[in-house]
Amino acid sequence: MASFTPARALLMLTTGLTCLLMAGGALIGALIGGGPVALGAAVCAGLVGMVGSLIVRRRAMAHFAMAQRQAGQRGYAEGIAHGVLIHVTAYEAAVFPRTGPSGVSAEEREARRTIAYRMAALDEVPQRVRLAAADALALLDKTDREGAEEALARLATTVRLEYSRL
């Protein structure tokens, strides 16, 4: 069995409606004037139904394509925002290592800082996420543990609220 995509569902719906229009035209034509009128009415109703279904199908398919593009863009931006959160959190782990002050080398800390700043500066990052990341990075650069934890919590909340599915 073929997959039941929106395009297939729309095709089945418009085909069914066209068939119903043809049957209705045939019934009305039979009631009005017999066999030849029923055939003519069925053909006319079928043609009208087919033209209408082609117009509706074309508009719906354009809408489906636009919705698919928007979903892809939204998913990409959501992934980028989550990437910012991950890299800022990785930088926090380098600034405040759980293994003590000598747990992370200066080169690793600088590398994590550079990646976090680059991710936060991407054009695809939404403005609210970018501002929350900038606050968190500024506090991490100052090595303010309490402020950084609050800023990271705000960043995580901002990312979650930016893409929450209501």
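Which side chain of opposite charge is nearest to E92, and how far away is it? In this predicted model, the nearest such side chain is R98, at 5.0 Å. E92 is buried and has no salt bridge; the cut-off for a salt bridge is 4 Å between a side-chain nitrogen of Lys or Arg and a carboxyl oxygen of Asp or Glu. The residue is located in helix α2, which spans residues 35-95. When neighbours within four places in sequence are set aside, the contacts of E92 are L140, E149 and L152.

One of these contacts, E149, also belongs to a negative surface patch, together with D144, E146 and E150.

Helix α1, covering residues 6-33, makes the largest contribution to the nonpolar patch, with four residues. V37, by contrast, is found in helix α2, the helix that also holds E92. The relative accessibility of V37 is 38%, and V37 therefore counts as partly exposed; this class lies between the limits of 20% for buried and 50% for exposed residues.

How values were computed
Residues are numbered from 1 along each chain as its sequence is written. This is a predicted model: local features need pLDDT of at least 70, side-chain atom pairs count only at pLDDT 80 or more; totals for chains, interfaces and linings use all residues. Side-chain values use heavy atoms; hydrogens and water are left out. Patches are made of residues with over 30% relative accessible area and no salt bridge: like charges are joined within 9 Å, nonpolar side chains (Val, Leu, Ile, Met, Phe, Trp, Tyr) within 5 Å. Accessible areas come from the Shrake-Rupley method with a 1.4 Å probe; for residues, only the protein chains shown count as cover. Lys and Arg count as positive and Asp and Glu as negative; His and the chain ends are not counted. The place of a charge is taken as NZ of Lys, CZ of Arg, CG of Asp or CD of Glu. Helices (H or I, at least four residues) and strands (E, at least two) are DSSP runs, numbered from the N terminus. Buried means under 20% relative accessible area, exposed over 50%, partly exposed in between (1.4 Å probe, protein chains only). Contact means heavy atoms within 4.5 Å.
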